[in-house]
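Reader: I would like to learn how to read side-chain features from a model. Could you take me through some, one at a time?

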Amino acid sequence: MQLTLQSLDLPPGQEYPVFVLGTLTYMTILLCNTLVFATIVFTKSLHKPMFLLLLNLPLMDMIGATAFLPQLVTSILTKNRSISYPGCIFQAFLIHFYGTGNLLFLTAMAYDRYIAICLPLRYNSIMIPKTIMRLIIAIWFAEILFYIVVFSLVARFRICRTHIVDIFCNNPAMQKLICDDTKFSNYFGLFFTGVIQGIPLVIVTYTYIQILLTCMMTKQADARGKALQTCGTHLVVFLFFEFNTAITTISHRFESASPYLRRALGVSIIIFPPVLNPLVYGLKTKELQESMIQMFKKVRLSISIQMTR
């Protein structure tokens with residue numbers, strides 16, 4: 001069965017500029033996130049709890065961008081907004097997996113900063129590598145299992161519509177294709193949205209209040225400034241993701257909500273974090289920035305040696 005995604009409504013003659021912009025954006029996302037990922041993997045000094053958690057953000061960002069942008073630019077080039085039903089389910093799976101994973105790993109990173117700043121003497125005993133690896137595996141496994149269950153349930157319903165109200169597939173939009181009564185699914189979706197948005201927000205709010213209080217009490221201005229700068233950028237990324245995701249998801253439940261605002265926020269969730277995260281953490285995190293420079297020097301030296309042979 002073929003479904004039809006919401007039209008992009010591009011002005012005449014703008015298809016190719018948008019196609020080029022979308023392709024360049026996707027290539028930039030892959031390049032920057034691969035750079036962050038490779039730097040952490042191949043630099044032993046970065047094999048610390050904070051960077052092991054950060055390692056998952058580039059993976060999540062590339063999953064989200066790959067789920068959306070290749071299909072988008074292909075549809076622009078071919079002027080065909082159709083997508084198969086299995087393809088739509090798979091795209092929705094990847095996009096929800098990306099969104100939830102980002103929230104969970106950003107929350108885990110906030111907890112890591114809380115322990116490092118507020119309980120520094122206990123940091124090495126709490127944030128041990130074994131614990132971090134168990135946490136990372138648990139998040140990935142729980143996400144995969146949960147969304148397999150969610151979209152297996154969606155696939156069981158009979159659909160009587162073929163128009164997706166968003167420019168990419170997602171669970172709320174797919175629920176609107178179903179002919180049967182979806183009250184239970186809607187209530188379950190609202191409950192899960194509340195849990196997945198609420199718990200991280202409570203954890204991050206608590207940790208950053210404690211971090212702020214600790215920073216205000218410290219007498220070392222340099223340490224206070226460094227902590228606030230690191231945590232401030234992290235908080236901006238988290239709040240952007242948290243509120244955009246919440247508004248986009250909840251707006252599907254209300255007919256009065258502007259579909260244009262919902263689509264714009266939905267696209268911003270998939271585009272901006274994968275572009276900005278490598279810049280934010282690459283430029284603002286001194287250790288990562290220095291490791292990138294060292295890796296570039298090693299690569300350049302290796303290329304020079306190969307060319308002289």
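Reader: Does Tyr111 count as buried, partly exposed or exposed, and at what relative accessibility?

Author: First, some ground rules. This is a predicted model, where local features need pLDDT of at least 70 and side-chain atom pairs count only at pLDDT 80 or more, while totals for chains, interfaces and linings use all residues. Residues are numbered from 1 along each chain as its sequence is written, and side-chain values use heavy atoms, with hydrogens and water left out. Buried means under 20% relative accessible area, exposed over 50%, and partly exposed in between (1.4 Å probe, protein chains only). Tyr111 has 37% relative accessibility, so Tyr111 counts as partly exposed. Tyr114, at 13%, counts as buried.

Reader: Where do Tyr111 and Tyr114 lie?

Author: A helix here is a DSSP run of H or I with at least four residues, numbered from the N terminus. Both tyrosines belong to helix 4, 3 residues apart, about one turn of the helix. An α-helix has 3.6 residues a turn, so residues three or four places apart point the same way.

Reader: How many aromatic pairs are there?

Author: Rings of Phe, Tyr and Trp (its six-membered ring) pair if their centres lie within 6.5 Å; planes under 30 degrees apart are stacked, over 60 edge-to-face, and the rest tilted. That rule gives 11 aromatic pairs. One of them, Phe93 with Phe151, is edge-to-face, with 6.4 Å centre to centre and 65° between the planes. Phe93 sits in helix 4 (residues 85–118) and Phe151 in helix 6, so this pair ties together parts 58 residues apart in sequence. Phe93 and Phe151 are both buried. The Tyr111 and Tyr114 rings have centres 6.1 Å apart and planes at 40°, so that pair is tilted.

Reader: Which residues do ring pairs link into a cluster?

Author: The cluster consists of Phe93, Phe97, Trp140, Phe146, Tyr147 and Phe151. The buried residues of helix 6 include Tyr147 and Phe151.

Notes: Helix = DSSP H or I, 4+ residues; strand = E, 2+ residues; numbered from the N terminus.
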